[in-house]
Amino acid sequence: MKNIVFEDETVTDDDLYFICYMVERVGRKICQKNKYIVNKIEYNEWLRLISLASVLHCENPEKTEWEWIQEYHLEQGSYDRLLVDKTLVEHIPTATQMGKVYKRLILSTMRPNENYIDGFVRVYNDELCDILDDYNNGSFYEPSYCITRAYNNGGF
């Protein structure tokens with residue numbers, strides 16, 4: 001994918017991972033579903049953010065969280081994905097782990113002529129994300145090929 005900020009560079013899989021990781025962090029911080037964040041920020045702004053990812057990853061992630069919340073007017077919600085049934089969940093995945101889950105899902109379902117942001121918006125707006133983000137069911141621990149198959153089949 002062409003980098004729209006640094007024209008001599010290309011956007012990489014790691015840049016996509018950083019964007020997915022930050023969406024997860026911000027979603028946890030403001031108690032919103034990831035889909036809310038993805039849809040609240042305009043498409044062209046996502047193109048800019050992924051183009052800046054190689055620079056933004058050097059920033060303190062808490063600073064980046066705060067900047068996104070302020071700049072994009074992201075509102076506090078009530079969806080706290082970290083409140084889990086302790087009898088079902090021994091380990092809540094980290095934002096890093098969930099960023100990797102989403103990056104792999106986006107890459108494994110990329111369509112011809114689709115860029116990272118097209119795939120990013122498509123995947124985060126799929127109903128499967130509600131299942132992946134419910135840590136009580138453990139679906140995020142499934143191997144990548146199982147998550148991809150669930151996405152392609154419309155669910156687990």
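Helices are taken here as DSSP runs of at least four residues, numbered from the N terminus. On this basis, Asn 113 of the predicted model falls in the loop between α5 and α6. The chain as a whole contains eight helices and zero strands, and its elements follow one another in the order α-α-α-α-α-α-α-α. The radius of gyration is 15 Å, close to the 15 Å that the globule rule gives for 156 residues, so the chain is as compact as a globular protein of that length. Along the principal axes, the C-alpha atoms occupy a box of roughly 50 × 35 × 25 Å.

Of its 156 residues, 46% count as buried. Among contacts with a separation of 6 or more, 74% are made by residues 24 or more positions apart. The accessible surface amounts to about 8400 Å², and carbon and sulfur atoms contribute 49% of this area. The side chains include 17 positive and 26 negative ones, with the centres of the two sets 2 Å apart.

The largest nonpolar core comprises 46 residues, of which Trp 46, Trp 68, Phe 120 and Tyr 124 touch the most other members. At least two residues of this core come from each of α1 (13-30), α2 (34-40), α3 (43-56), α4 (61-71), α5 (95-108), α6 (116-124), α7 (128-132) and α8 (144-153). The largest contribution is that of α1, which gives 10 residues. With neighbours within four places in sequence left aside, the contacts of Trp 68 are Ile 19, Met 22, Val 23, Val 26, Ile 41, Trp 46, Leu 49, His 73 and Leu 74.

Most residues other than glycine have a negative phi. In His 73, phi is positive, near 55°. Asn 113 likewise is not a glycine and has a positive phi, of about 65°. The relative accessible area of Asn 113 is 83%, and the residue is therefore classed as exposed.

The loop between α5 and α6 also holds Thr 109. Thr 109 has a relative accessibility of 8%, which is under 20%, and therefore counts as buried. Apart from neighbours within four places in sequence, Thr 109 is in contact with Glu 114, Arg 122, Val 123, Thr 148, Tyr 151 and Asn 152. Within the loop between α5 and α6, the model thus places a buried residue, Thr 109, and an exposed one, Asn 113.

When residues up to four places away in sequence are not counted, Glu 9 touches Asn 3 and Ser 54. Glu 9 and Leu 56 are 47 residues apart along the chain, and their C-alpha atoms are separated by 15 Å.

Notes
Residues numbered from 1 in each chain as written. Predicted model: local features only at pLDDT ≥ 70, side-chain atom pairs only at ≥ 80, totals over all residues. Heavy atoms only, no water. Rg over C-alpha atoms; globule rule 2.2 N^0.38 Å. Buried < 20%, exposed > 50% of the residue type's maximum accessible area, 1.4 Å probe, protein only. Contact = heavy atoms within 4.5 Å. Areas by Shrake-Rupley, 256 points an atom, 1.4 Å probe, with all protein chains shown as cover. Lys, Arg positive; Asp, Glu negative; His and termini not counted. Charge placed at Lys NZ, Arg CZ, Asp CG, Glu CD. Core = buried A, V, L, I, M, F, W, Y, C linked by side-chain atoms within 4.5 Å.
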